[in-house]
Amino acid sequence: MDRNQNIEKRILWVAERLFLEKGFSGTSTTEIAKTVGCNQALIHYYFRTKEKLFWDVFAPKVEQFVEYLDAPLDESIDFVARIRNVIDFYFGILELDERLAPFIVNELIMNPGRWDKFRDRYLRNESRSRAFNRFENMVKIEIEAGRVRPMPAVDLLMNIMSLTISAFIVAPKGFAIGECDSNLRKSYLDRRREDVKELIVRGMTK
């Protein structure tokens, strides 16, 4: 790997850490450059704007929440079990880094422009992902069979995502890894995981 690639990857790594710790508005390209040990102009050369750098850092993480729908949708089990698997999967992603859930809320959901970009890219019309298409088709089949009440698939997905994320936002004091006893943290998340499953299943079934 040449020096330019090393610098570009380090910019991405440092930007991710600072964005997660301080948020988008609290992080400057000057601070990123200083931490990387490069000229600020080099960041603009590689990424043009801080907003583009933001998406280059976090688009892969955002994509996980849609593209990875395929992973737990095992067609050998019934639809309710698949939905439970999706919730397990999302909890697993968020458990890896306790900073990710508040970041998603503050920088994506609470930012209309970014939220619209997310919906347009992954959930709407021709740009929607194949994973979401598959999920939507499954929901339609269940509705037609009378096993699930009529609802847009995107609403079901948003319910799953919002309830899962909220488990990490409305959490006990000292919830973050390293601040809370690991057994207490696991016990809390296990309870919330089952609560979310119950709420989603009750809400979608007749």
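**Ground rules.** I number residues from 1 along each chain as its sequence is written. Since the model is predicted, I ask for pLDDT of at least 70 for local features and 80 or more for side-chain atom pairs, while totals for chains, interfaces and linings use all residues, and side-chain values use heavy atoms, without hydrogens or water.

**Helix α4.** I took helices as DSSP runs of H or I with at least four residues, numbered from the N terminus. Helix α4 covers residues 50-67, which is 18 residues. From first C-alpha to last I get 25 Å, close to the expected 26 Å. The expected span is 1.5 Å times one less than the number of residues.

I then looked for a bend, taken as the angle between axes fitted to the seven residues ending at a position and the seven starting there. I find a kink of about 45 degrees at F58, shortly before the proline P60.

Next I checked burial. Buried means under 20% relative accessible area, exposed over 50%, and partly exposed in between (1.4 Å probe, protein chains only). F58 is itself on the buried list of α4, which also includes L53, F54, W55 and V57.

**R114.** This arginine sits in helix α7, residues 112-122. R114 counts as buried because its relative accessibility is 4%. I looked up its contacts (heavy atoms within 4.5 Å). Leaving out residues up to four places away in sequence, R114 touches F24, E51, F54, W55, E107 and L108. For E107, I note that its backbone oxygen lies 2.9 Å from a polar side-chain atom of R114.

**Salt bridges.** Side chains of opposite charge can pair when their charged atoms come close. My rule is a side-chain nitrogen of Lys or Arg within 4 Å of a carboxyl oxygen of Asp or Glu. I count 15 salt bridges by this rule.

- E21 pairs with R17 at 3.7 Å, N to O. They are 4 residues apart in helix α1 (residues 3-22), so about one helical turn separates them. E21 is partly exposed at 46%, and R17 is partly exposed at 27%.
- D190 pairs with K186, with the closest N and O atoms 2.8 Å apart. Both are in helix α10 (residues 182-204), 4 residues apart, so again about one helical turn. D190 is partly exposed at 29%, whereas K186 is exposed at 51%.
- R99 pairs with D97 at 2.9 Å, N to O. R99 is partly exposed at 28%.
- D88, E95, R193, E194 and K197 form a linked network of salt bridges.

Conventions: Helices (H or I, at least four residues) and strands (E, at least two) are DSSP runs, numbered from the N terminus. A polar contact is a pair of N or O atoms within 3.5 Å; within protein, one must be able to donate a hydrogen and the other to accept it, and residues adjacent in sequence count only if both atoms are side-chain atoms.
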